[in-house]
Amino acid sequence: MAAESVTKAKNLTEEMITEVTLSSMKINPNGETNYPILEFDKRALDLLSSGVHETLKHSKVKVGGSKGYLFFKRLADIILSFTALVILLIPMAIIALIVFLQDGGNPFFSQARLTKDGKVFHMYKFRSMCMDAEEKFAQIQRENETDGIAFKSTNDPRITKIGGFLRKTSLDELPQLWNVLCGDMSIIGPRPPLPREVVLYTPEHMNRLLVKGGLACTAQCEGRSDIEFEKWVQSDVEYIENRSTWFDIKLVFRIAGAVFKKKGAK
């Protein structure tokens, strides 16, 4: 198996995480193809979370948005996510049934992600890959087609036929409305990254985690898989510095258009 270079997190120390992060500051123009740490237990996630939290204390980015903005943003998140879940309950149940009938596996997929100040939470999706997709990642990570830390592959063999359709139409993201309702995510905000990605972040990349993660942000308007990673980070930071109610409303319509056109969907 190609997982020989994989570092398991149960014996991980803070120094090891720091060493990996520092070594990642050399940008790989062809994209990351050998993630040094793939498996994170609770202790490793706590170490990573605390490291991000401490790093962000020294961030020079000024976070935009007043207390009034945050109040109404959360209120809108609750109202919109609850309404959407009620309206989409039957369609989501049908999707879940189709995914289940495909191979008899759990139609939902839960994955650890990081959000504001490095807080770890579990993000939900409809499962679009085979049931052992995480175990197979070590074998296909060299097929990364992005130019940075995030992983994307057009011909990812782990994606099922139904999953391919769900991903192109973004229907696999619908269960994240529950994350929004629970307060883990917002409608608008930087996409929450994976631990294996964050461990490779520079302090500048970590600025994405100064605010709560969301279903989509500026980068998704430009094409979810088309934008370069450094521009992705830059666009997230620009949002963080300039966010407002009007900015969020405009992004909702721009993102809806991008999803309808399947812009950058893979």
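## A network of salt bridges

In this predicted model, Lys125, Glu173 and Arg191 are joined in a network of salt bridges. Side chains of opposite charge can pair when their charged atoms come close. Glu173 takes part in a salt bridge with Lys125, with an N to O distance of 3.9 Å. Because Glu173 lies in the loop between α6 and α7 (176-182) and Lys125 in strand β4, this pair ties together parts that are 48 residues apart in sequence.

Glu173 also forms a salt bridge with Arg191, where the closest N and O atoms are 3.3 Å apart. Arg191 belongs to the loop between β5 and α8, so this second pair ties together parts that are 18 residues apart in sequence. With a relative accessible area of 12%, Arg191 is buried. Lys125 is likewise buried, at 15%, whereas Glu173 is partly exposed, at 23%. Among the residues that Arg191 touches are Met123, Met185, Arg208, Leu215 and Trp232, as well as its partner Glu173.

## Another salt bridge

The structure holds eight salt bridges. One further example is the pair Glu54 and Lys57, whose closest N and O atoms are 3.0 Å apart. Glu54 is partly exposed, with a relative accessible area of 41%, while Lys57 is exposed, at 54%.

## Helix α4 and its two faces

Helix α4 comprises the 15 residues 89-103; at 1.5 Å a residue it should span 21 Å, and its end C-alpha atoms are 22 Å apart, which agrees. The buried residues of this helix are Met92, Ile95, Ala96 and Val99. Seen down the axis of α4, these residues fall within an arc of 100°, so they line one face of the helix. An α-helix has 3.6 residues a turn, so residues three or four places apart point the same way.

The buried residues of α4 pack against α3 (67-87), β3 (108-114), β4 (120-126) and α6 (161-168). The face turned away from this buried side carries the exposed residues Ile90 and Leu101. After α4 comes Gly104, whose phi is positive, near 80°.

Phe71, Phe72, Leu75, Ile78 and Ile79 make a nonpolar surface patch of about 480 Å². Of these, Ile78 is placed in helix α3 and is partly exposed, with 34% relative accessibility.

Gly65 lies in the loop between α2 (42-56) and α3. This glycine is partly exposed, with a relative accessible area of 36%. The C-alpha atoms of Gly65 and Ser244 are separated by 5.8 Å, although the two residues are 179 residues apart along the chain.

How values were computed. Residues numbered from 1 in each chain as written. Predicted model: local features only at pLDDT ≥ 70, side-chain atom pairs only at ≥ 80, totals over all residues. Heavy atoms only, no water. Buried < 20%, exposed > 50% of the residue type's maximum accessible area, 1.4 Å probe, protein only. Contact = heavy atoms within 4.5 Å. Helix = DSSP H or I, 4+ residues; strand = E, 2+ residues; numbered from the N terminus. Expected span 1.5 Å × (residues − 1). Arc of directions from axis to C-beta. Patch = residues over 30% accessible without salt bridge, like charges linked within 9 Å, V, L, I, M, F, W, Y side chains within 5 Å. Areas by Shrake-Rupley, 256 points an atom, 1.4 Å probe, with all protein chains shown as cover. Salt bridge = Lys/Arg side-chain N within 4 Å of Asp/Glu carboxyl O.
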